[in-house]
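I opened my notebook to get to know a new structure. Here is what I looked up, entry by entry.

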Amino acid sequence: MKKLRILCLVVAMLMVIGLLAGCGGGGGGNGDADADVITIGVLAPLTGGVAQFGTSVYRGLNLYIDQFNARGGLQIETITFDEEGNASLAVTGYNSLFDQNVTAIIGAVTSGPTMAVVPFAFEDNMPMITASATHAGVTVADDGTVFTNMFRSCFIDPFQGQKMAEFAVEVLEARTAAILFSNEIDYSIGLRDAFEEKARELGLEVVVVENFPDDAVDFRGQLTNIAQHNPDVLFVPAYVRHIALIGPQSAEVGLEGTTLLGADGWAGTVAFMEDVSSIEGAYFLTGFSPDVDDPMVQQFIRDYQARHGSIPDMFAAQAFDAAMILIDAIERTLAATDYNPASEEFRIALIANMARTNLTGVTGHIAFDEFNNPQKTAVILNVADGVEVFWGYF
């Protein structure tokens, strides 16, 4: 497979060189900038159970790319593969994009599909950046191997789980906690582990832990058991589709006096639910808030709203930044090398330049640590009077 890929890549490079010679254009960084077109791949679930996240990511990254292309000069084209939130389909999509000689890939969106793709991309020296896959294993394998080609513009699960345990103790002064998580979702498992570990360190007693399958629609049994323990907080590291059911069902079983806590999978929950009264008072961590008073953020919101008629969520904002990070590194690589953008040499140089990222996006200032994870401040949102409001940085 590897040899076949290399052969296909060589043939494609020769075709590109021939086309450029016939047109009198130049490849790499020293050609006519107006003639430069670079193709990047996009892996996102545009259908399926997590399509709401994929759609937001798709909209955010395309907004940045379209604005970049409107400036003239270097042009970015995209090839998109709908991976439906499925790990096997994501691998199929990756191979398809690789065979089409993309220079880099934005995606995938959720942790499971992304982790399925990363080992292949690592072997191929394919630069990748995800806007929303938060599992620690996205950039570091179980054996400690760092996937040097893989970057992200979002927080990692351990950071989120630890932060929410700290928030429960330091801000809410909680003494007891419960956890309700999915035992079939890598994202949910990673957050549960991090929250529980940090809770023990802080003296926050976890009195009960319940789990559910990914496709669950009835959580009343787990919630009834949790209610019997009357915890101060209930941490639910899950996705919007789960919260939309867990919220009302928690009210049905009489779970009162317990503050719901979540992470970035909650982003957009209020817009997803018809009646949000059951999650009133909840807090969750996210990477973006439209209430931040910053000119760059507010311009992004106006542009997104003009195009889509809605306020951008965290996924759109992080995707906007992911596209910015990737294209900034592409420009620096073009300026510093003569490699053809379809070549492995260019991709390797691009990876090195992505690691040197130092810029400010709509989700804050972004630079990468030794594991290619961004170092950023967390945003806490509170559900108050039926809307998600900016509580503050934490």
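Predicted model: local features only at pLDDT ≥ 70, side-chain atom pairs only at ≥ 80, totals over all residues.

**Entry: the partner of Asp-218**
I saw that Asp-218 forms a salt bridge with Arg-220, with 3.1 Å between the closest N and O atoms. Arg-220 is partly exposed, at a relative accessible area of 32%.

**Entry: other salt bridges**
I noted a count of 9 salt bridges by the rule. One of them joins Asp-214 to Arg-241, whose closest N and O atoms are 2.3 Å apart. This pair links distant parts of the chain: Asp-214 sits in the loop between strand S7 (205-212) and helix H7 (220-229), while Arg-241 belongs to helix H8 (residues 240-252), 27 residues apart. Asp-214 is partly exposed, with a relative accessible area of 26%.

I then turned to Lys-198, which pairs with Glu-201 in a salt bridge at 3.0 Å between the closest N and O atoms. Both residues lie in helix H6 (residues 186-202), 3 residues apart, about one turn of the helix. Lys-198 is buried at 14% relative accessible area, whereas Glu-201 is exposed at 58%. I also wrote down that a network of salt bridges links Glu-166, Lys-198 and Glu-201.

**Entry: two domains**
How is the protein chain divided? I found domain 1 (37-155 + 293-367) and domain 2 (158-286). Their C-alpha centres lie 29 Å apart. I noted 14 residues of domain 1 in contact with 13 residues of domain 2. The area buried between the two domains is about 1200 Å², with 69% of that given by carbon and sulfur atoms. Thr-134, Phe-155 and Met-314 supply 41% of the area that domain 1 buries against domain 2, more than any other three residues.

I looked for salt bridges across this interface, and the rule finds 0. For polar contacts, the rule finds 1 residue pair there. Helix H2 (51-69), helix H4 (111-124) and helix H11 (314-336) each give two or more residues to the side of domain 1 that touches domain 2. H4 brings the largest share, 3 residues. I sorted the residues of that side into 7 nonpolar, 7 polar and no charged.

**Entry: Thr-337**
My last stop was Thr-337, in the loop between H11 and helix H12 (344-355). Thr-337 counts as buried because its relative accessibility is 13%, under the 20% limit. A polar atom of the Thr-337 side chain lies 3.0 Å from the backbone oxygen of Thr-333.

Technical notes: Residues numbered from 1 in each chain as written. Heavy atoms only, no water. Domains from an automatic or database assignment. Contact = heavy atoms within 4.5 Å. Buried area = accessible area lost by both parts, 1.4 Å probe. Salt bridge = Lys/Arg side-chain N within 4 Å of Asp/Glu carboxyl O. Polar contact = N/O pair within 3.5 Å; in protein donor to acceptor, adjacent residues only side chain to side chain. Helix = DSSP H or I, 4+ residues; strand = E, 2+ residues; numbered from the N terminus. Nonpolar A, V, L, I, M, F, W, Y, C, P; charged D, E, K, R; others polar. Buried < 20%, exposed > 50% of the residue type's maximum accessible area, 1.4 Å probe, protein only.
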